[in-house]
Amino acid sequence: ILQMNNQQEDHHAAPSTPLCKHKRKCYDNALRGAVKGFLVGYSVQAALGLLGVLMGIGRIKSLKKFVKAIWNVLSSRRIIKFGAFIASFISMFKGAQCLLRYLRKKEDGWNASIAGAMAGTSMMIMTAGAGSKPQMSDMVPYALYMVARGIESSWNRAESEGLVTSHPQGNAVLFAVGTSIIFYGYMVHPHLLRPSYRKFILRLMEGNDLTRHVK
């Protein structure tokens, strides 16, 4: 009986495609990734928000205001949207990758690339505002980071497959390209960046706001 039960569990745990390495069904794997992604994304952002409340606890005059500040963090629309963004990105990436394995019958790296591009559309969640006007500033920092990391990953993959010549200063050049993308957004469209991120850049430049020279 135990042997039959183990065989039945192994059958239900088998992946949906021969190329998949996860132990569960593809839809189950994508769903679990979504739940885990939301919990991680929400928890990290909420922890940072609660840390800010604790650091400013000296300015809170009453217990009622302290509880309200905590509730405002835990129920923050921005934090919830970030968790939903991580959840949708992971689930779309995992689901699309499994679907491409099934359709293409092979795993050659293109599956992950196409799935990543499809999952990138989940950033639209961060643009959804309370009104009709999109909240672009919530999305731009993540988009810039993902573009920079995408360039770096593409270079490393091409280098490992011998498509490009390895260079000792390759990583430094990639870092410069990624940084130029971020500073392009800062110089040309500073209003799209989150205020906290803009202040971070200003601290790096010792308060010299270069955008005032741009017309």
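Visitor: What makes α2 and α3 roughly antiparallel to each other?
Guide: Bear in mind that this is a predicted model. Helix α2 (residues 26-55) and helix α3 (residues 63-74) pack at an angle of about 155 degrees. Angles over 145 degrees count as roughly antiparallel, and therefore the term applies to α2 and α3. Their axes are 9 Å apart, and α2 passes α3 in a right-handed crossing.

Visitor: Which residues make that contact?
Guide: On the α2 side they are Tyr42, Ala46, Gly49, Leu50, Val53 and Leu54, and α3 brings Phe66, Ala69, Ile70, Val73 and Leu74. By class, the contact has 10 nonpolar residues, 1 polar and no charged ones.

Visitor: Staying with α2, why is Asn29 called buried?
Guide: Asn29, which is found in helix α2, has a relative accessible area of 17%. Buried means under 20%, so Asn29 qualifies as buried. Leaving aside residues up to four places away in sequence, Asn29 touches His22 and Lys94.

Visitor: And how do you know that the buried residues of α5 line one face of the helix?
Guide: In α5 (residues 110-119), the buried residues are Asn111, Ala115 and Ala119. Looking down the axis of α5, they fall within an arc of 60 degrees, so they line one face. On the other side of α5, Trp110 and Ala117 are exposed.

Visitor: What covers the buried residues of α5?
Guide: The cover includes α4 (77-104).

Notes:
Residues are numbered from 1 along each chain as its sequence is written. This is a predicted model: local features need pLDDT of at least 70, side-chain atom pairs count only at pLDDT 80 or more; totals for chains, interfaces and linings use all residues. Side-chain values use heavy atoms; hydrogens and water are left out. Axes are lines fitted to C-alpha atoms, for helices over the stretch in contact, and angles run from 0 to 180 degrees between N-to-C directions. Helices (H or I, at least four residues) and strands (E, at least two) are DSSP runs, numbered from the N terminus. Angles under 35 degrees count as roughly parallel, over 145 as roughly antiparallel, 65 to 115 as roughly perpendicular and the rest as oblique. A crossing is left-handed if the near helix is turned anticlockwise from the far one by less than a right angle, and right-handed if clockwise. Contact means heavy atoms within 4.5 Å. Ala, Val, Leu, Ile, Met, Phe, Trp, Tyr, Cys and Pro count as nonpolar, Asp, Glu, Lys and Arg as charged, and the others, Gly among them, as polar. Buried means under 20% relative accessible area, exposed over 50%, partly exposed in between (1.4 Å probe, protein chains only). The arc is that of the directions from the helix axis to the C-beta atoms.
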